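Visitor: I would like to learn how to read a model like this one. Please show it, and then take my questions in turn.

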Amino acid sequence: MGPCFRSFSLKVMCLVLAFHVVLGYGVACGQETRSLAGKWRFQSDPERKGESEQWFAKLLGHTIKLPGSMPENGYGDDVTVGTKWTGQIVDKSWYADPKYAPYREPDNIKVPFWLTPVKHYVGPAWYQRDISIPRRWDTQRIVLFLERCHWKTRVWIDDQSVGSRDSLSTPHEYDLGVLGHGEHTLTICVDNTVQVGVGVNAHSISDHTQTNWNGIVGDIELRAYDTAWIADVQVYPNLDTQTAKVRIEIAQVNKGGREGVLTLQAKSFNAKRKHKVPKTDVEFSFDDETRIVEVDYEMGDDALPWDEFTPNLYRLTVSIEGEDFEDERTVTFGMRQFGTEGTQFTINGRKTFLRGTLECSIFPLTGYPPTDVKDWRRVLKAAQAHGLNHLRFHSWCPPKAAFVAADEMGMMYHIECAAWTNSGPTVGDGLLIDQWIYAEGDRILKAYGNHPSFCMLAYGNEPAGRNQKAYLGKLVKYWQQKDPRRLYTSGAGWPIIPESDYHSTPGPRGHQWGAGLKSRFNAEALTTDFDYSPFVRQHSVPIVSHEIGQWCVYPNFDEIKKYKGVLKAKNFEIFKESLAAHGMLDQANDFLVASGKLQTILYKEEIEAALRTDGFGGFQLLDLHDFPGQGTALVGVLDPFWDYKGYVKAKEYHRFCSETVPLLRMPKCVWTDDETFEGQIEIAHFGATPLKNATIEWHIGYAKGGRITAGQLARQTVPVGSANAVARILLDLAKVEAPAQLLVTVEIQGTDYCNSWDLWVYPRQVEVSPPAEVIVAPQWNELVIEALNQGDKVMLLAPPRAIASDVPAGFTTIFWNTQWTSGQPPHTLGILCDPKHKALSDFPTEFHSNWQWWYLVAHSRAMILDDLDGNLEPIVQVIDDWNTNRKLGLAFEARVGTGRLLVCSMDLQTDLDHRPVARQMRHSLLQYMGSSRFQPRVELTPDEVRSLFQ
């Protein structure tokens, strides 16, 4: 048969086979596919006897729908106290603490450390169906394609074993050979038992997030090929030469002389300007079972590059045709080069800055990641709306659909080989995991290597092992030599080794693990004249700050109803019932929003500190959305569904996290009216081109409205990079009506780039002596009681050390959570107050913590008010950990006897000349007490008040 006839035959075949799409068939010329989605026979195998009893040769007794998981189909065991989880539980109090006893009852199982699955199962499970091979497939090679299996699969055709696969990241493919037409029985055993020591906390397998599910959740297909076929196509773009090296692997069933023509043609398909690259034909021949053909494909001078701003994509169609074979494969690629220039990343030769967040396989409705592009577009749309251009997949690799969506949208991915080996397993010590990581990396590079969004690869997260550095150094070198299309590093978090193209390290971030109250935001007042330049200068490659943030907020109990799938928010139910038992359920939303406002300013300063750092590579947030495991880590401004939580919208977040961010360096945020405010405006700009003819404006005004001063700079070009200093601004604060909260705003005219910062101005001189009718007492004693019994007004300023409380004085919200960190402080989530309360009339504040509160909270101790009258509403309340839900306060008022009492556990006594915030708070409280407005409603006994003190 001549080539012309074969070409005609191929076209006819395509037209004829298109008919079978209606019948569940799909076709690409030279390859026909048949979906196996639908009803399968099923049997779980908890006793692991299926293989010895040859279940592959029997009809299984139940049915299940695939794609899908066992829990989705209602299979598995009910959760009990004895459930053997896949994942480390640091705080095991649920198993013994009396407060959790109701949640250990068989009919009321609720766990606090992660979401509760409707069913749980670990072990082999068997899936079986009959398949019909059509007559036209008689001589064709059949491949079984299984996308996203969890975990190990074994396959039988009739009673013949075909083999096994154990990838967590890529499809499991089985060469079934030439089956011949007719009926066959296909049996698959899926075993989600831990097969290799990737670490029980790895998000590829752990119950912390996606759960350790059993099933097959992506495409399930039979694919028919000729006896010679295209086994693989890899495209290596080179923008410098405007070429793409195309590496094609051609295979045949048996050795034998074959020759044919290989044809390549690329076309852009999503760009505004269409680009069709001329076709290239290459003759080839081969005798062995495989043959590699490499072609330097000329893309032309008008090749369209791929990046976050212009994610131009090409479809490359590769076909082979010979005397007795034909095949065709289409792959998508982008003309993209991801590299480094000193300590910064580059894309296509231009500096870029990674603004990333983690994705830890958090999909509560299904318990596994989606394999359709639509769902991933939604995730990436949320990330981009918040100014991000990058996702890190923590200890797992997503399915193809995630890469397709990122390619389309210009997102850059950091992928990991499904491991987190620091909860028992290690790397580099000769264990099975060592070779498995190499194999998994090879599989990932082959399956997803053409995607331009795939920019970075690491072994996994935070490794352990005596020989980890040597092992990971060799691994990085192996990858660099194997595939130059991306950058490689040892692991996320550590170790820093010379072989890495970039370093992922927690060094440059606001809170180090275990730092507690010694962390930057708890130990020091805010300065925005801070960056990580000293750290960056120690290195010669880009630095990515590892898992910055981890700032928690109070749970959003309205979220409970959203868990309509295989995972239920029983942890939230525990927390909600605890809050109700403490009489504060009506404050739940206030706690959420107030803690969320504090969380937002912490993330803002974390991100801006990175953007202020000259030569910095980027950051990876933990997290933009909540993490439901590891003790419940509510660290996102979005919930696990990537939805808005009610306190900071994407547009507001985007102001301080985007490709172009105005920045302000100032030595402090608290000033007095005898000082001159000074600040340095900078622009961090990582756009597609320098910002030409930019007009930068600034203004300072009162937070409640009213401009004080403003300025406009001459037009200028802002280059790509950080630390672009553009102006110094000054303000004589004598012009300010103190006390006042001011807002400094910087914007670039004609754009959406705008950012702002709060600062506070207090009077240098303010009355701090009590009014004549107010007694200020430093401790609770009989003299105070006597004065109250005589009808006096008493301000009790007990020193923090005198308070009978074990609540650490932390300004920030909880870091990660207290269950997973063994009670690392702080244990609270900021303050809550009513700015309209007359006690705060002379103290400018919002209802939540802002940076001025650091000066008070750092010198305080929260009082535990649980045993007092439930109607008592603190003037300044502290939001407690959702695990304890105590009513906490820093200031409250009450009637005692015939007198009136205001108790404050913030230090408003010492060194007031140098503490303007404390001075102003003292003044405001005293002025309130000296007025007729001081009329406490709740009455307490002396003994109740005494119980608050040591």
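Visitor: Which residue forms a salt bridge with Asp907?

Guide: Side chains of opposite charge can pair when their charged atoms come close. A salt bridge here is a side-chain nitrogen of Lys or Arg within 4 Å of a carboxyl oxygen of Asp or Glu. Asp907 forms one with Arg915, and the closest N and O atoms are 3.7 Å apart. Both Asp907 and Arg915 are buried. Buried means under 20% relative accessible area, exposed means over 50%, and partly exposed lies in between (1.4 Å probe, protein chains only).

Visitor: What should I know about the source before going on?

Guide: This is a predicted model: local features need pLDDT of at least 70, side-chain atom pairs count only at pLDDT 80 or more, and totals for chains, interfaces and linings use all residues. Residues are numbered from 1 along each chain as its sequence is written, and side-chain values use heavy atoms, with hydrogens and water left out.

Visitor: How many salt bridges does the structure hold?

Guide: The structure holds 45 salt bridges. Some share partners: Lys110, Lys570, Glu573 and Glu577 are joined into one network.

Visitor: Where do Glu782 and Arg946 lie?

Guide: These two form a salt bridge, with the closest N and O atoms 3.7 Å apart. Glu782 lies in helix H11 (residues 782-789) and Arg946 in helix H14 (residues 942-946), so this pair ties together parts 164 residues apart in sequence. Glu782 counts as exposed, at 55% relative accessibility. Arg946 is partly exposed, at 35%.

Visitor: Is Glu659 buried or exposed?

Guide: Glu659 is buried, yet has no salt bridge. For charge, Lys and Arg count as positive and Asp and Glu as negative; His and the chain ends are not counted. The nearest side chain of opposite charge, Arg355, is 4.2 Å away. Glu659 is found in the loop between helix H10 (650-656) and strand E35 (660-665).

Visitor: Which side chain does Glu659 join in a polar contact?

Guide: A polar contact is a pair of N or O atoms within 3.5 Å; within protein, one must be able to donate a hydrogen and the other to accept it, and residues adjacent in sequence count only if both atoms are side-chain atoms. The side chains of Glu659 and Tyr753 are joined by one of 2.6 Å. Contact means heavy atoms within 4.5 Å. Leaving out residues up to four places away in sequence, Glu659 touches several residues, including Phe309, His654 and Phe686.

Visitor: How many disulfides are there?

Guide: The structure holds 0 disulfides. A disulfide is a pair of cysteine sulfur atoms within 2.5 Å. For Cys754, the closest cysteine sulfur is in Cys657, 15 Å away and therefore too far for a bond. Cys833 is in no disulfide either; the nearest cysteine sulfur, that of Cys904, is 13 Å away.

Visitor: Which way do the residues of strand E15 point?

Guide: In a regular strand the side chains alternate between the two faces of the sheet. Ile220, Leu222 and Ala224 point one way from E15, and Glu221, Arg223 and Tyr225 the other way. Strand E15 (residues 220-225) is mostly covered, with 6 of its 6 residues buried.

Visitor: Which strands pair with E15?

Guide: Two strands pair if DSSP finds at least two bridges between them. Strand E2 (residues 31-35) is joined to E15 by 5 bridges, antiparallel. Strand E8 (residues 141-146) pairs with E15 in the antiparallel sense over 6 bridges. Ala224 is the bridge partner of Glu32, and Ile142 stands opposite Ala224.

Definitions and conventions. Helices (H or I, at least four residues) and strands (E, at least two) are DSSP runs, numbered from the N terminus.
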